[in-house]
Every structure is written in C-alpha cells, then in structure tokens.
Amino acid sequence: MFRGGSKTLRGGFETLKGSLKREMRAIVGERNLLDSREDLLVYGYDATPRVGGVPDAIVLPRCREEVAAVLRLASQEGLPVIPRGAGSGLSGGSVPDKGGLVMTWARMARILELDTVNLTAIIEPGVVTADLHKEVEKLGLYYPPDPGSMSVSTLGGNVGENAGGPHCLKYGVTRDYVLGLEAVLPDGEILELGGKVMKNVAGYDLCRLLVGSEGTLAVVTKVWLRLIPKPETKRTMLLHFRDVVEAAETGRAILEARTIPSALEILDKTTIRCVEQYARIGLDTGAEAILLVEVDGAREGVQREASILEQVGRTSGAYDFRVARDEKEAEELFAARRSALAALSRARPTTILEDVTVPRSEAGNLVKAIQEISKSCGVRIGTFGHLGDGNLHPTLLVDERNEEEMSRAQAAREQIFAAALGMGGTISGEHGIGLAKRAYLGKQFSPQVLQTMRRVKAAFDPNSILNPTKIFEPSGDLKWESRASSGPLVGPHKGKSAE
Amino acid sequence: MTIEQIGKRAFGSDGLERIREELIGCMRCGFCLSVCPIYSETGTETNSPRGWLALTKAVVEERHPATRNFAHLVTNCLSCKACTSVCPPGVPIDDLILAARALTAQSRRGLAVKAALLRLAMGHPARMDRALMPVRLLYQRSGLQSLFRRWGLGKVLPFGAGRLDQFIPAFARRSGRKGIPYLTPAQGERKHRVGYFQSCMDAAVFPESARATVAVLAANGCEVVTPPATACCGMPSRALGDLRTVRECASWNAALFEKAVVDAVIVDCATCGSMLREYPGVMGTEPSQAQIEAFSRRVVDVSAFLSQIGCREPERPKDGIRVTYHDPCHLGRGQGVTEEPRRMLELVGAELVEMAESDLCCGGAGSYNVTHPELSLAVLERKMANIKSTGASVVATGCPACQIQLQAGVKRHGLSVGVVHPVVLLAQAYALERQRS
C-alpha cells in the first residue's frame, strides 16, 4: 500500500459523481472544492476522541448564494451536508461519520460591522471567536462567551453548539448574545431572523431555536451579536480546601452573599496534582480542591465585591487563600485553571472531556459522585470546571489502544450521566450531543420530547440531508451511501464511534 | 519496502515506534491552528499542523500511502515551531513533520536527489562555498540578474520562478570564512576560551556578522577559536528528510570542537544554534552519542552568552536609532532566547519599539522562500505590515535567513529600513568608541 502511492492517485479516486463535482466547482470555484485523498483524511475528525469518518468532498463557499446553490444541489442528490467551523468541537458534531459533503466557513470569515451605538456586531460565521474578542475590546466593548477553544473555534461553530465558557456564569451563553441570524435551509431558501433590535417577540423565536441546533436545521451565513461595555477591572481569589464539599459550600456562600462572580471555577485533587506537576505554579498538592473566584465590573463595585469575597474566604473552610493585588497577580492565579487541560492531557494518551451540568446547589455533590465513580470503575478522572453554574468537566484519562480500559471508561461515562440526571441536571452543558452522546439523549428526555424534536427537524429538513446522523439515534438507514467511507481510506481505523 | 523497513532506514531500529507513540498524543483540539502562519493563509485543514499530523499518523499506521501529494503537503510547513509551543499535550509537532519528510525521502526519488546534492556540498565548508560560487557567477555576474530585472523575464517564467529573484540575496564577493583566523586573542585579560561556529549563510552573505561576533567576543575577554573545517549544521538536510547526513554532521562538528577544548560554542545563526542544540534528539544510533550530547550542551547563542558573562557596555552614542526586533523562530521558540538580544540593543543605546507579533515567522524559513514563493510572500506581508507600523529605521534579528527574507520585504515595499544582526550594532558601538579615544 505504501509503495503504490502515486499510482493510486493517478488511477483516480472517485467519491462523488464527476458531474456533481463539476457543478459544485462551477458554483464555488475550482479551488474551493477539495477532494484529494489527503483532503478527505483531514476533514474527517474533530476534537472528540474515537469519533471519525471520511467525507466525500469538502466545500468552502464564499457567500450565502454559494451556500444556497450547493445545498440545493445536495438536496436534489440526497447528499448529506455536514457544516463545520474549525473542527474543535467535543461531541463529534462536525464529523462526517457516514460520509457526505463537509461544508466549512473558512472563506466566510469577515467582521462586517461593529456598531458602537446599538452595541452590535455583524459577522460571517467563519470569524474566530478570539479575533472578535480582540476587535471589540479595542473599542471598549466586550463579547463574553469564551469557550476553552476560543483561540481557534469559529463563531459559526459557537452558534451551532451554543457554546459557553467560564464567564457565562455572570454573562450568559452564546444564545444570550445572538440577536439575529441569516441562515439557509436545506432546499436553498434563505431565512432572515432578527437583527439589531433588542426586543422582538414577533412569531416563533426561530433564531434562538437555530442556536445550539448543531447544524441539523439550517446553515448559518451571517450573525448579529449583542455586545456589552468591557468591564473596567477585575479581582481574583484562589482558595485551597481539604475537602471538596467545603469548596462547594464556599461557592454557595459566595452566591448567597448576593454576589455573582464573573468566574467561579473548581479544580479537584487529580487536576491539582497534574497541573502542579506540569506547570509548577505553587499549588499545594495536598489540597482536595481549589476554587478560583473572579469578580469584574466598575472599579467601585469590584472593590465592594472583593471585600465580600475576602470575608467569605476567611470564614470558609479554606486553609489557605490568596487575593491577587493586581491584574498581573490575577493572571498568575488563573494560570492554574488555564493549564488544566494541558496538564490533564499530558497525563495519559487519550483524554475524554465531558460536560455534565447540574443545578448550582448540587455541584459539590456531583464532584463527590464523580470521584466515587472514578474509584469504582478504576478510571482516573480529573474534574475541573465551572462550579458557579454547575457545569463540570470530568476528564477521563485513558489509553484508547487498551480496549478493556476503554470499556471501563464507557461504564464510568454512563454512571456520570446517570448521576447528573439524578440531580436534575443535563448530559451536556456546552459541548452538544453530536455523535458522542446521542445514545443517552433518551435517558434525559421522554419519548414525547424526542418525538417533538424530530418533528422540528423534519419541518426544517424533510429530506434529512443536514448533519443527518447527529443528536438523534438514526431511526432508519441513511439513504446516502458514501463511496468514501466504504472505499480504501477506512482501514484498521480504531473506534469509529463513541458509543 | 514496508513502512517498518522505511522507518528503520530513516530513524534507526525503534524510531518508528517512538513516532507512533508521539502521534497518539495529539488530541486534535486544533489549538495549533490558531498560531500556524500557513493555516492562517490557506484556511484549509490540509495545510495545518493538525492535518499534517493526521496524515502522518495515517501513513505510519498504513491506512494511507505516502503519496506525492502527502510528500508535497508536509513540505508546506515552515518549521517555525509555533504549533509546538501551544500544544496542550506537548506533542513535538515540528519534529514529527520533519520525521514525515524523512519517511517520504526514503521513497521519493526527487527528494533523494536533492538531498544527495546537498550532501555533497555540505560535508565541507569550502565545498559549500564552492557550491554557492556557480550560483553567484551564473546569477550575479553572467547578467542573468539584470536580464531578470531589465527585461522582466521573471514575469514570463512558469511556476512563479520569476518571484525567486527578489529572494536571492546579494552574495559577498569573498567568502567570510577567509577573513577570520583560527585563533583570535582576547582583548585584555583572557577570561574565557570559546569556539565560534560560523554559519554558511554568514560566510556567503553576511560576513560582517561573523566578523562582528568574533570582535565582540574578543572585546569581552574571550579567546575565540574558529575552526575553518566545520561541517554544515545539518538543518538543510533535515528539512529534506535526510537524517543520515545530519547525524554525520553532528559527529564531525562534535569531534571538531572537542579537539578545540572550549568552554562554550558560540553561534550567531538562530537556525544553526537550534539544530546544534537538538543533535541528541535526531533519531538513529550514533557511536559518538555521548560526545554529541556534551557538544550540544555547550552550544549557546551569542546574545545569550554575552548576557551570561556580563557584556561590557559601550559608550552610548548621543541619539539612539529607533530599532524594532524580530524574534527568529529558532532563537525564540527554538532556544528560548528572547530577552538577551533586546538587552543588547538597549546596551548600544537604541530606542527599542516592539512590533506586533514579533515572534511570528517571517516566511524565510531557510530556503522556503525559494521553494514556496507564494506562501512565503503572504507570510512576509503580515510581518512587513507589523514592521512598518513601528516606524523603526532598523530591524534587528539574530538569524541570517530572516535577514535575507526581511531585506527582500524592505525592497518590495521600497522602505529605507536597515536589516542587521544585533551583534553588528554592538560591534559598531565598540569600534566607534575606539575611534573616539
């Protein structure tokens, strides 16, 4: 196989019909339809472990008209279309597991307008989240949603998954900042929903329905976002605890003191040890939990809130607490949280990052429950995340080459989902269902709810061509038979699905 | 040949296994995409660190053949190490991409020919100089250059060959190697005995940098040994996937400097420096591994060494020039040297104005500007915009390859901005001092 390289290439590797490809090339231009073997291989994954596939081709449209024309063509052919941002998702939402056409926004990545009177931004979906942050902050404005992958994730992808982040505790998630959408239906019709208005109750709120629909209802081509003034300053506090429950109690005490911090993050014992081993920033590895609390806003308000924090910190069960004097020190304290993912991912070859969420009051119990599951299943799990909004990231540290270990990890995942649901929570707070969790959606919702969701899907996408394998377990066989995924590219590819 | 055999030939017996183990570490988070200059220009996963790793993984797992396209794609990497510096699980991405080239070199004839030619030239510096001589003669003196420029020949040549002209530097009339004696005595009391590893680029294009380095070291109490018979550092061969030659260069250079008995081996070329320091990690067994490790530990960039020994401050000129500093990838990320060259600029009384993204690759990347002119130019444009907005009259940078690229950028934009190695400014300040006294 190795030797026959160029011969196979010259011999041609046809996935889509030649005529279909020609038509698509006529729409998007020669360079914006990719179909070499190498292209197909690198558009088959996202950041989700053990989920993969091979698309039939990749298309990079440059404007909504091209999106519409490609979708119309795909509809006629019954060709599945998988929208993709930067491929940094953690639920397999952009993975072409059964082949099809991957559609990315790489050529639609402009910030179209920043309006400093209405406090809105109009952007194309391919804009990188961190780039928007930078641009609006130059104007003294702020766009709060800050998913961990924001340096690479696109806003289109954030809209598709309704992304969150540490600052969502105080400021809300992506959906709370989307004022309007321009989106294309699978049949090529263009929807314009909402816009610069701050209040809008005309008809059904389709705009908010599309946010978080994981690319299964329509393809977003333009987004109107709400901005707020940039908080003037912030203060940060770091607390060490001997007991996880005490840490959670302190989190509750802060909220009960009528203070909403801009971030309230927790790191458990396993995470603390990994972070300290990796970054050596002076955390006490004897601690059972660490809390990081940040307040932001106007100078006077922050001062008042900081003194409340200090008071809570002093009376809490923390055996050590530090308040950052300035922004530089605040950055140093936050390094503990920022390096959590890097530290955990260095511990073992495979990192499975979950995002279960429970009511705030239950967050401490969930951390405890996860630790027990870790012990009983024999899987090392580091938990960190957003204690303040009950959204935790239990991170399973495993080796995907060890099938026996993977089956224990699978059991641990299922128990974690059950624990979260038992506390009135959800199996996904910010990553989405995609492929990785579709088998468990039925555990969270009644058949009636699922049926209603499927009806919504059918209303938008009657032929089921938009991301057809995501969110729900497939009810019947896919009409499309991908030539790529049955072709020679899929060899001894480990673990095709997370279930 | 099976992949196992190819791997054994390229990396030695356990090399392929090591590569597989390192590739497993990639969790495909995509953080590397946010800093990759090539992804930023192309916007395609096929031209991104994560994509290159995924392809390499498919090849070493025999899910995908090492096609010509694969071989071509992995040469699109600049080796700027930006990806490696942000990778959460710490995968040595740039190193793995170079390893992928070594895999393809075993089965691609075109690459092997290039590597063999290079191998002939770089065994000996005199040969390297001689190899460059025909280029010099052919290009500069034969009139081909003026043909290019006056007749606009560049515009009619295919494959963007015409664009090469702007990247071909003005070669020195005389090789820099001839001007530096084997032993340069320390000025005043002898405090250190150091070796100087002269880079090919300095010899051929910037002999003034080499002279400045030796002069500055001598002025700071160093006795400088400059062996004329150094071999190439090996990076050009490594970039083409020829690791055997790299290992041979390593053995040769290590033995050479062991004989010289020096406290440190000073380098003023960022790429040479990082290559020499990375010798022990280049895969394959080598009988002189201990000697190579001892050598690599002693290699240090000129600015870092001077700051270690406490560089003597020259008499400051009255009005300092406005200077901005470009961090060479192989000095900043490659060797962790970022503050020392800046301190050197402050030492000569320059007003240092930081440019945005000072550690962004300039697109030079060895011979990348010649092999990939279009991508290289695109990356250069971003760098030039950052330089322009500083209003500096001089760009300093500790790497001759960056110097060539930035000079081309300055010319393209018609700027009157000088491009120098910081050590040249320091040497000038010392010389000025002597004139005054």
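Biologist: In this predicted model, what distance separates the end C-alpha atoms of helix H4 of chain A?
Modeller: Helix H4 of chain A covers residues 64–77, which is 14 residues. At 1.5 Å a residue the helix should span 20 Å. The model agrees with that expectation, because the end C-alpha atoms are separated by 20 Å.

Biologist: Which residue just after H4(A) takes a positive phi?
Modeller: H4(A) ends at residue 77. Just after the helix, phi is about 70 degrees, and the residue is A:Gly78.

Biologist: What radius of gyration does chain A have?
Modeller: Chain A has 499 residues, and a compact globule with that number would come near 23 Å. The C-alpha atoms fill a box of roughly 70 × 60 × 45 Å along the principal axes. The globule rule and the model agree, since chain A has a radius of gyration of 23 Å.

Biologist: What share of the contacts in chain A joins residues at least 24 apart?
Modeller: Chain A comes to 18 helices and 18 strands. Buried residues make up 53% of the chain. Count the contacts between residues at least 6 apart in sequence: the share joining residues at least 24 apart is 75%.

Biologist: Is A:Asn162 buried or exposed?
Modeller: A:Asn162 sits in the loop between helix H6 (155–161) and helix H7 (168–171) of chain A. Beyond four places in sequence, its contacts are A:Val173, A:Thr174, A:Arg175, A:Val211 and A:Gly212. The cut-off is 20 or more other C-beta atoms within 10 Å. A:Asn162 has 23, so this residue is buried.

Biologist: Which helix gives the most to the side of chain A that touches chain B?
Modeller: The contact joins 38 residues of chain A to 34 residues of chain B. Helix H1 (5–10), helix H3 (37–42) and helix H13 (340–347) of chain A each supply at least two residues. The top contribution is five residues, from H3(A).

Biologist: How do the residues on the side of chain A that touches chain B divide?
Modeller: This side of chain A holds 38 residues in contact with chain B. By class, they divide into 18 nonpolar, 13 polar and seven charged.

Biologist: What ipTM does the predictor give the complex?
Modeller: Chain B has a mean pLDDT of 85, with 82% of its residues at 70 or more. Over residues 152–162 of chain B the pLDDT is below 50, and this stretch has eleven contacts beyond near neighbours in sequence. For the complex, the pTM is 0.89 and the ipTM is 0.91.

Biologist: How many residues does domain 3 of chain A bring to its contact with domain 1 of chain A?
Modeller: Domain 1 of chain A runs over 111–229 and domain 3 over 348–432. Their C-alpha centres are separated by 29 Å. Domain 1 of chain A brings eight residues to the contact, and domain 3 of chain A brings eight.

Biologist: Which helix supplies the largest share of the side of domain 1 of chain B that touches domain 4 of chain B?
Modeller: Eleven residues of domain 1 of chain B are in contact with 13 residues of domain 4. Helix H3 (37–42) and helix H6 (82–86) of chain B each give two or more residues to the domain 1 side. The largest share is three residues, from H3(B).

Technical notes. Residues are numbered from 1 along each chain as its sequence is written. Chains are lettered from A and ligands numbered from 1 in the order in which they are written. This is a predicted model: local features need pLDDT of at least 70, side-chain atom pairs count only at pLDDT 80 or more; totals for chains, interfaces and linings use all residues. Helices (H or I, at least four residues) and strands (E, at least two) are DSSP runs, numbered from the N terminus. The radius of gyration is taken over C-alpha atoms; the globule rule is 2.2 Å times the number of residues to the power 0.38. A residue is buried if 20 or more other C-beta atoms lie within 10 Å of its own, exposed if 12 or fewer, and partly exposed in between; C-beta atoms are placed from the backbone. Two residues are in contact if their C-beta atoms, placed from the backbone, lie within 7 Å. Ala, Val, Leu, Ile, Met, Phe, Trp, Tyr, Cys and Pro count as nonpolar, Asp, Glu, Lys and Arg as charged, and the others, Gly among them, as polar. The expected span of a helix is 1.5 Å times one less than its number of residues. Domain bounds come from an automatic or database domain assignment. pLDDT is the predictor's confidence in each residue, from 0 to 100.
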